[in-house]
Amino acid sequence: MAKITFDGIEVEVPDGTTILNAARQIGGGVVPPAMCYYTPLKGTGGKCRACLVRVAAGSAKDPRPMPKLVASCITTVQDGMVVENTTSQQVMDVRKGIVEMLLINHPLDCPVCDQAGECDLQDFAFEHGVSTTRYEEERRTFEKIDIGPLIQLHMTRCILCYRCVYTADQLTPERVHGVLGRGDASEIGTYIENIIDNEFSGNVIDVCPVGALTDKTFRFKQRVWFTKPVNAHRECENEKCCGKVTLWYKGKDVLRVTARKDQYGEVKEWICNTCRFDKKETADWVLEGPAHINRASVIAQNHYELPVVNPQVILDLPESTTRELERNPPLRLGGING
Amino acid sequence: MGRKLLTEHINVEGIDTFDVYRKHGGYRSVEKALKTMTPDEVVEEVKKSGLRGRGGAGFPTGMKWSFLAKPEGVPRYLVCNADESEPGTFKDRQLMSKLPHLLIEGMIAGSYALGARTSYIYIRGELLYVLRILEKAIAEAYAAGFLGENILGSGYSLDLHVHPGAGAYICGEETALLESLEGKRGNPRNKPPFPAVQGLYARPTVVNNVETIAAVPVIVNEGGDEYAKIGVGKSTGTKLISACGHLNKPGIYEIELGVPVEEFIYSDEYCGGIWKGRDLKAVVAGGSSVPILPKELILKTAAGENRLMTYESLSDGGFITGTMLGSGGFIAMDETTCIVKNTWNFSRFYHHESCGQCSPCREGTGWLEKVLHRLEHGHGSMHDIDLIVSVAKQIEGNTICPLGEAAAWPVSAAVRHFRHEFEWHVTNPKEATAPGAAYRGAPVLA
């Protein structure tokens, strides 16, 4: 076990845990944002640089600070490590810069984007960015491409997080999906303009943090905040499919089926294309109840469920930390799960 | 005239063949190392020599070698980084094409020291003719028994392969090089783990520059202490400097580290001064990614001391008034050079070569290039000058690999030392965009 201090809060985690996951154990507003890291996918992380944090002391043995900011999603904790995230002005400034970089080639037309309302980049920019842009040049644009009959790729919106590449690589046996080109001309593509013909291909839609990969059966059917998310499950014939999904209702119609996401937007159990694209009748499913949506999300404005406050996280903290918290409350602790 | 340790026989006819090379004392170090020394003794000699990585970063080679993890029953690799593609640097190409056996000799001695049974030379894809030269030389070395099974009856076996890249600058970054060598897309890896622990095929690996490896035979032959006598302080031995730009005698010079920069530029022994009797304006001392320095600061440090061609002296003053020795790509610019245009040109290169993996570099390099293009073509504003400094700062230090810094440093240094030229482009766009135009006014020191 390693004990680290994250933004003044002490937390004990198993050796080999990344700084980001240690911060997620604390939860709330201290958790660094992550645009490319995705826990269930091996090899993700380190690319978007959104989760950069300052390591003020490397470990108990070697308490020197690390010379550069480190990506918290891939840097593992050391016993005695002291990490600064929201408490470091440098980190906040750099994060502002990362938002700016991610947005210079991303269209600022959220009102016509199908991902709006559930877009990680939108949230990230809203929380950490500035409201103006210094970029005057033309943005890069691409034509929309259909990857098979069910998925549409719009590279213009892509932030090259590589999540879909890892998904395609790790969930499907034959790899046809990767990154072509270099630098800001690189693009996600299939070799060569192949379709992804695979029972688990739909998961690339769920892992995409922006509106680059979208569900063609749902595209522009409805704004996501007008739909009601309901958790449901079914016995799926496919062994690898967990059968646990979120159904997105509009009235009595199921408009969309997605895998379930946790509070960090991560899918922990994958679903097959049959569940995702073919089972769009309530009769196909056993309903469980409203899906939990973060209170801050626009989707939650329709109050499908009562706000949940999870005090357990605070109760579980060691006493020294709670005392410290009372004296010195971190930013937006009320955001925990609520 | 300084001693020439690497290039002494470079102009001997037929030195690229095994027989001639052997006649001139070639492969002595292999005999000495394999027959009379243990691998650790070779590492010890390299440590004593104070040899520092010649690829740019200047990390002590002996220390790098001693960091190599040596778990039982796991192969280790020595990889030679011959993906020389920094603008302004062209020393390795010459060394390999003229003296292929020197590199092979170094690879054998180095591999023996590290306990590697298979080693690779990763060569830049554009250098196809050098690849052929190396392959021929390797075949000769195999035939002479210096490669393959049981070299010289010592029981040590080594296989050496040459592998060409596909023309990406980023593959000169050591982890991108390893990815490429494994047959993957050449994206730099996240560190840690470092190659010394998990490198090629997730095995402990040392990646060294061509010139670094070529210095190993000399160190083995003459001993580390002898090698360390050359040079100044922690900059020991000789260094190949590829001098280019507005010089009377551009070319590759092997210098003893410690030669004053002034002597290197103006003496007839080296570059012979600035061409056409013009005045020197600025120097990029170590390949395009290091900060540019104006004449006043490259010849003398801010403290007024003579600047020497050493790692320490060139970096004296940090990045405020100093630069880096880097890979030894010495680019001299005379008074007719437009610094804005030059910076845009460098920036264009880094934009083109960014791998696109991490966001600050992918987006930032393109942004820098576009704003510099605007400034150079007379459409910029004063605000743009601050903008590029700010963007460069946002890239620097926040990327996976050093390419981000390589793209940011030249830009911030150019504005730091030549801000007046950028302002001149904004205030006098017509004059500044005329063909061949360059600011000729008095330099304004920061």
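1. In what order do the strands of the open sheet of 4 strands in chain B lie? The order is S3-S2-S1-S4, and the pairing is parallel. The model discussed in this note is predicted. Two strands form the edges of this sheet, namely S3 (159-164) and S4 (205-209) of chain B, and each of them pairs on one side only. On average, neighbouring strands are turned by 20° against each other when direction is ignored.

2. One pairing within this sheet may be followed residue by residue. Strand S1 of chain B, which covers residues 77-82, pairs with S4(B) in the parallel sense over 5 bridges. Within this pairing, Val79(B) stands opposite Val207(B) of S4(B).

3. Helices accompany the sheet. Helix H7 of chain B (residues 128-143) packs on the sheet and touches strand S2 (118-123) and S3 of chain B. The direction of H7(B) makes about 170° with that of S3(B). Helix H9 of chain B (residues 210-222) lies across S1 and S4 of chain B, and runs at about 95° to S4(B).

4. H9(B) also has a helical partner. Helix H3 of chain B, residues 39-49, and H9(B) have axes that come within 10 Å and cross at roughly 100°. Angles from 65 to 115 degrees count as roughly perpendicular, and H3(B) and H9(B) are therefore roughly perpendicular to each other. On the side of H3(B), the residues that meet H9(B) are Val42(B), Glu45(B), Val46(B) and Ser49(B). Their counterparts in H9(B) are Val216(B), Ile219(B) and Val220(B). By class, this contact consists of 5 nonpolar residues, 1 polar and 1 charged.

5. Chain B has another open sheet, this one of 5 strands. Its order is S8-S7-S11-S9-S10, and its pairing is mixed. The edge strands are S8 (251-256) and S10 (292-294) of chain B, each of which pairs on one side only. From one strand to the next, the twist averages 30°. Strand S7 of chain B (residues 238-245) and S8(B) run antiparallel and are joined by 6 bridges. In this pairing, Ile241(B) has Tyr253(B) of S8(B) as its bridge partner.

6. A further helix pair deserves attention. Helix H16 of chain B (residues 359-376) packs against helix H17 of chain B (residues 382-395) at an angle of about 160°, with the axes 10 Å apart. Angles over 145 degrees count as roughly antiparallel, which makes H16(B) roughly antiparallel to H17(B). The crossing of H16(B) past H17(B) is left-handed. Among the residues of H16(B) in this contact are Trp367(B), Leu368(B), Val371(B) and Leu372(B), while those of H17(B) include Leu387(B), Ile388(B) and Val391(B). The contact of H16(B) with H17(B) has 12 nonpolar residues, 2 polar and 2 charged.

7. The contact between the chains involves 25 residues from chain A and 24 residues from chain B. On the chain B side, helix H15 (339-353), H16 and H17 each supply at least two residues. Which helix gives the most to the side of chain B that touches chain A? That helix is H16(B), with 9 residues. The residues of this side divide into 13 polar, 7 nonpolar and 4 charged.

8. The peptide bond from Lys191(B) to Pro192(B) is cis, with omega near -10°. Another cis peptide bond joins Pro192(B) and Pro193(B), with omega about 5°. Pro192(B) lies in the loop between helix H8 (174-181) and S4 of chain B, and Pro193(B) is likewise found in the loop between H8 and S4 of chain B.

9. Leu152(B) is found in the loop between H7 and S3 of chain B.

10. Finally, a database annotation concerns chain A. An unreviewed UniProt entry places the feature "domain: 4Fe-4S His(Cys)3-ligated-type" at residues 90-129 of chain A. In the predicted model, this span of chain A is 60% helix and 0% strand. The end C-alpha atoms of residues 90-129 of chain A lie 14 Å apart.

Notes:
Residues are numbered from 1 along each chain as its sequence is written. Chains are lettered from A and ligands numbered from 1 in the order in which they are written. This is a predicted model: local features need pLDDT of at least 70, side-chain atom pairs count only at pLDDT 80 or more; totals for chains, interfaces and linings use all residues. Axes are lines fitted to C-alpha atoms, for helices over the stretch in contact, and angles run from 0 to 180 degrees between N-to-C directions. Angles under 35 degrees count as roughly parallel, over 145 as roughly antiparallel, 65 to 115 as roughly perpendicular and the rest as oblique. A crossing is left-handed if the near helix is turned anticlockwise from the far one by less than a right angle, and right-handed if clockwise. Two residues are in contact if their C-beta atoms, placed from the backbone, lie within 7 Å. Ala, Val, Leu, Ile, Met, Phe, Trp, Tyr, Cys and Pro count as nonpolar, Asp, Glu, Lys and Arg as charged, and the others, Gly among them, as polar. Two strands pair if DSSP finds at least two bridges between them. UniProt positions are given in the numbering used here, feature names are shortened, and annotations may be inferred rather than shown by experiment.
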